[in-house]
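Trainee: Could we go through this model together, one question at a time?

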Amino acid sequence: MTVISPETASASRTAGIPALLKTAFVNALIALVLFSLMVGIRTEAGSDGQLTYWTRFGDVAALVAAVFGGSIVIELLRQWIGSSGAEKLIPPAVQSSMSLVGRYLAPALLIFTVLVPVIFYQQRYILDLAILVLTYVMLGWGLNVVVGLAGLLDLGYVAFYAVGAYSYALLATNFGWSFWVCLPLAGILAAFWGVLLGFPVLRLRGDYLAIVTLAFGEIIRLVIINWQELTGGPNGVSGIPRPSFFGIPLDNSDNGLAAWLHIEYSTTHRIVFLFYLILALALLTNWVTIRLRRLPIGRAWEALREDEVACRALGINTTTTKLTAFATGAMFGGFAGAFFATRQGFISPESFTFQESALVLAIVVLGGMGSQLGVALAALAMIGGFELFRSLETYRMLVFGIAMVLIMIWRPRGLIGHRAPTVYLTKAQAISSDLVKEGHG
Amino acid sequence: MDYFAQQLINGLVLGSIYGLIAIGYTMVYGIVGMINFAHGDVFMIGGFIALITFLLLISTGLTAIPVILLIVLLVSMAITALYGWTIERIAYRPLRHSFRLAPMLSAIGMSFVLTNYSQVAQGARVKPIPPVITGGYTLHESANGFVIQLSNIQIIVVITTIVLLAIFTWLVSRTRLGRDMRACEQDQTMAALLGVDVDRTISMTFVIGAALAAVAGLMYLLYYGLVDFFMGFVAGIKAFTAAVLGGIGSLPGAMLGGLAIGLIETFWSAYFSVEYKDVAAFSILIVVLIFMPTGLLGRPEVEKV
């Protein structure tokens with residue numbers, strides 16, 4: 001916890017060393033009170049149920065010192081960089097080269113992604129990680145339809161992921177249906193649940209919508225945990241069949257793909273196949289989103305995001321617009337869920353907690369709400385970052401939370417880019433909508 | 001009938017705890033217009049600080065339980081209030097004029113920070129304490145041997161809640177700070193023009209909300225005899241449901257909503273199934289928002305263009 005109040009800076013920007021030290025001292029004092037009991041005293045239940053405690057004053061001292069030092073460093077940096085307005089002045093030359101990079105980045109990334117299994121064929125770990133990243137890219141793109149395009153804050157997206165995963169798992173283990181039959185079914189079922197959720201929440205906006213979707217996500221998870229006869233409860237579903245190459249199994253048998261192609265069998269074949277499968281699914285999501293954005297429905301989503309009241313005034317049916325956004329997003333979540341189930345071979349309610357929803361949402365927001373490339377890069381950064389911190393098991397989510405807060409403060413509109421509506425009036429509005437809201441318009 | 005009466009008592013006690021947390025949600029929403037997603041975790045921090053203070057006081061050899069509880073209450077309120085203040089300062093104040101999703105996401109991040117901070121600092125295992133306040137009264141004993149119990153701890157929870165509510169109502173309706181808070185709720189710009197320190201008022205709102213959550217944390221600790229790092233999430237959502245049910249922005253509504261949620265949850269567990277009690281609470285949130293978006297005591301929101 002070395003997050004330091006950034007607010008104190010403006011007052012002391014022109015002030016000298018004494019003010020600087022005073023701010024740092026006050027911050028350190030606050031930190032001392034905050035950490036004194038929570039960090040200074042460690043409690044633990046003993047074997048007989050009796051609580052014991054021991055002190056950790058060294059840790060408190062270290063944290064307080066870190067806050068003191070951190071305050072000074074941040075204050076100095078702030079004075080050195082100057083006002084935040086100066087940061088935004090980017091020379092035109094840099095800007096043009098940036099846009100050049102932007103134009104070629106997406107195709108270059110795509111070509112690199114296609115070549116990943118070729119380059120890293122021997123490194124199983126990198127292939128697994130790449131599959132994981134692509135799963136989150138797909139989830140991010142799916143949620144992007146709801147949050148980024150239609151502007152509906154959905155905190156329960158993981159529910160559709162769960163519906164997709166359990167649809168495939170249960171259909172495949174109970175009826176022996178193949179992955180390729182279940183995949184569209186999983187998508188349809190998830191879309192159905194999306195509409196089911198969409199109906200009641202149509203009238204809600206903003207924060208209320210967020211809380212209701214969160215509650216919905218929790219309800220789905222709790223039902224999965226408690227409906228033991230169907231879902232296996234907390235034990236989950238195991239023995240989910242692996243996908244086949246359009247009917248040809250990817251195993252060591254006589255009629256497997258390896259035997260069929262007369263090549264030596266290797267377990268990597270399946271990993272590579274899964275990689276291209278999720279890549280195809282993700283690209284499908286991306287392609288559909290891009291196409292939909294050019295259809296009237298996509299335009300309506302973007303208009304809905306910008307101003308719902310104006311939308312209604314223009315005769316856009318907000319009911320169907322919202323429902324299609326929910327259904328489309330949920331459908332891609334369902335596809336991703338089915339893929340997740342077949343990749344893992346085992347699913348349990350633990351994979352579908354609120355943390356997953358928040359992670360996917362963080363990817364979308366970090367990527368800049370509506371920007372397809374941004375979401376892909378954000379997923380890479382997030383999941384890659386998670387892997388970097390894997391050794392610090394318990395600290396991982398702590399770092400994730402701190403990062404989320406800091407990014408919101410530093411770049412609330414996303415790290416990579418914010419997508420403006422596809423069509424808008426060429427003449428800029430004389431008065432911004434914020435001012436109109438306050439009664440200036 | 002006796003069973004019903006017993007569940008009624010249990011439900012009211014649980015509802016008091018939810019109500020105390022719900023006040024924090026409803027106050028912040030009324031003034032800043034954001035859901036303080038981290039408020040449930042502030043409640044959890046309050047519970048932990050109460051536990052640690054309690055443990056320290058016991059180990060100093062103090063035996064007078066009322067004195068211990070009073071000190072625990074004050075320490076936990078003070079430190080948790082400082083947590084509330086710091087959270088607002090770090091995570092929400094820089095985003096006050098940002099786009100509407102930003103504070104919400106920052107609050108979700110803060111909630112993760114607090115949950116995992118206490119997991120890292122205090123470990124993942126549940127922390128039990130031995131029962132501190134024992135005893136109680138038997139209100140009624142029926143022919144088939146079923147007893148309606150009213151334990152001392154239940155009386156304490158309800159009385160503390162009533163006393164705090166009285167102080168709090170006085171604070172909001174009669175003091176300078178309360179007037180400032182109501183002014184900021186109606187129009188921040190105008191309040192600022194008339195000499196109200198908006199930043200300070202909002203900070204104080206978070207401080208009071210966190211202090212009440214700390215009391216709820218202590219009550220939870222005494223009533224259930226345990227705390228763990230994950231208890232803030234579900235309690236937070238339920239308290240928010242209570243705030244919405246009562247009409248968000250309305251203080252008596254928050255308390256009323258808290259009692260309603262407590263009763264619904266208790267009766268659901270008693271008569272239907274324990275496993276689905278959270279599902280029942282969350283479903284009520286959805287149903288209320290669909291049919292009564294303004295809640296029981298809320299004012300209808302005017303849609304501004």
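Mentor: Let us begin with a term: a crossing of two helices is left-handed if the near helix is turned anticlockwise from the far one by less than a right angle, and right-handed if clockwise. Please keep in mind that this is a predicted model.

Trainee: What is the handedness of the crossing in which H6(A) passes H17(A)?

Mentor: Helix H6 (residues 124-149) and helix H17 (residues 372-388), both of chain A, pack with their axes 9 Å apart and at an angle of about 135°. Because of that angle, H6(A) is oblique to H17(A). As for the sense of turning, the crossing of H6(A) past H17(A) is right-handed.

Trainee: How many nonpolar residues are in the contact of H6(A) with H17(A)?

Mentor: On the H6(A) side the residues include Leu129(A), Val133(A) and Trp141(A), and among those they meet in H17(A) are Val375(A), Leu380(A) and Ile383(A). Dividing the residues of this contact by class gives one charged, three polar and, for the nonpolar class, 12.

Trainee: Which element gives the largest share of the side of chain B that touches chain A?

Mentor: The contact draws 51 residues from chain A and 61 residues from chain B. Several elements of chain B each supply at least two residues, including H2, H3, H9 and H11. The largest share, 17 residues, comes from H4(B).

Trainee: How far apart are the end C-alpha atoms of helix H11 of chain B?

Mentor: Helix H11 (residues 277-291) of chain B has 15 residues, so at 1.5 Å a residue the helix should span 21 Å. The distance between its end C-alpha atoms agrees with that expectation, being 21 Å.

Key. Residues numbered from 1 in each chain as written. Chains lettered and ligands numbered in written order. Predicted model: local features only at pLDDT ≥ 70, side-chain atom pairs only at ≥ 80, totals over all residues. Helix = DSSP H or I, 4+ residues; strand = E, 2+ residues; numbered from the N terminus. Expected span 1.5 Å × (residues − 1). Axes fitted to C-alpha atoms, helices over the stretch in contact; angles between N-to-C directions. Parallel < 35°, antiparallel > 145°, perpendicular 65-115°, else oblique. Contact = placed C-beta atoms within 7 Å. Nonpolar A, V, L, I, M, F, W, Y, C, P; charged D, E, K, R; others polar.
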